[in-house]
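The sequence and the structure come before the text.

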Amino acid sequence: MKRVVITGMGIYSCLGQTLEDVRQSLYDGKSGIIMDEARRATGFRSCLTGTVPMPDLKAELNRHSRAMMPEQALYAYCATRDAFRHAGVDADLLARENVGVIYGNDSSAEAVVKSYERVKQMKDTTMCGVGSIFQSMNSTVTMNLGCLFHLRGINLTLSAACASGSHAIGLGALLIRDGLETMVVTGGAQEINQFGVASFDGISAFSTREDEPTKASRPFDKNRDGLVPSGGAATVVLEEYEHAVRRGAHIIAEVIGYGFSSNGDHISVPNVDGPARSLRMAIENAGVKLSDIGYINAHATSTPVGDTNEAKAIYSVIGDSMIPVTSTKSQTGHEMWMAGASEVVYSILMMQNDFIAPNLNFETPDEDSALLNIPAMRLDTHFDTFLSNSFGFGGTNSTLIIRAL
């Protein structure tokens, strides 16, 4: 099998819109969570959310191109543009080679709602606008990235709930391992608007700890009361190792393991067995020992059942090995379709800079999280291999193992 390496990263996150800004936010334990009071008037139980600025791309993209792009495609464009620059990939390389794109995205709610509202108001479907159909489709991110960057390899949107970004990286790596692609742009994007998360609020999934927004997301803490929605986009450029060496690319890390599973039971309540099988598969696929893994980036979203079952699953696999476990969602909230990709970027930034960001707001462990080594303060420590979990509705699970090169 061919080796798969990471040669570029880009991020558009509530922790920052450059790799350096995000690194600093992780190091400082900065939260990106705010109150959006406009949600109260709409009827939301919780006004908590992560936030990012809306990109202004008038200087880069023409009006026609922008008309095809909902907000998550704008975020993904920014992250991908920066990832290509980071990887040293220019227009000549993209024109010369068949570069693919697999990106995680599982909703495009705002475009659908607004376009239908125009139809109802004007009584005329032609008033939707020429870009409406392209903004409304779940595949909007990859269709836009493929056209804007003239990508000629695989073009695929991966919809797997909150594991979408992680599965995108895993499947991209498999294509390269099997020699079907030499370079694949992978990642995940999530819209932050009200339309995309109203139904989540409706099932009481969100924290209502509004008096202190930065303390609302508290993965693994006994007093957690729900997740905080967030979003943006993260892009990871995957490349076949020999190809990267031949073109003189700076190699950041290597994807050495991918595991996956399905819980096969409840549509929204996670279990223990499914995630545990995903972890074991990734470890076996990577061919590493537990002692090789220096950090685990947990999926933990700050929900009562989800965090409990993940803690049980992790402990069932690693036992008393005391590998540091944190959830960067304590700083970002739950970035949903983006999270599996952004958390790879966050973990690589920590690995490159010899620290593990704190699991914010971890004040009181419960009986399951007490079995894990969860640092509430930043750890200044070296590690060269990490494991990252992503789980989603429908019982989809994805685990990645990545090491430094």
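The chain contains 15 helices and twelve strands, where helices (H or I, at least four residues) and strands (E, at least two) are DSSP runs numbered from the N terminus. Its radius of gyration is 20 Å, close to the 22 Å that the globule rule gives for 405 residues, so the chain is as compact as a globular protein of that length. That radius is taken over C-alpha atoms, and the rule is 2.2 Å times the number of residues to the power 0.38.

The model is predicted: local features need pLDDT of at least 70, side-chain atom pairs count only at pLDDT 80 or more, and totals for chains, interfaces and linings use all residues. Residues are numbered from 1 along each chain as its sequence is written, and side-chain values use heavy atoms, with hydrogens and water left out.

Of the 405 residues, 61% are buried (under 20% relative accessible area; exposed is over 50%, partly exposed in between; 1.4 Å probe, protein chains only). Among contacts (heavy atoms within 4.5 Å) with a separation of 6 or more, 79% join residues 24 or more positions apart.

A search of the whole structure finds zero disulfides, a disulfide being a pair of cysteine sulfur atoms within 2.5 Å. Two cysteines are listed below.
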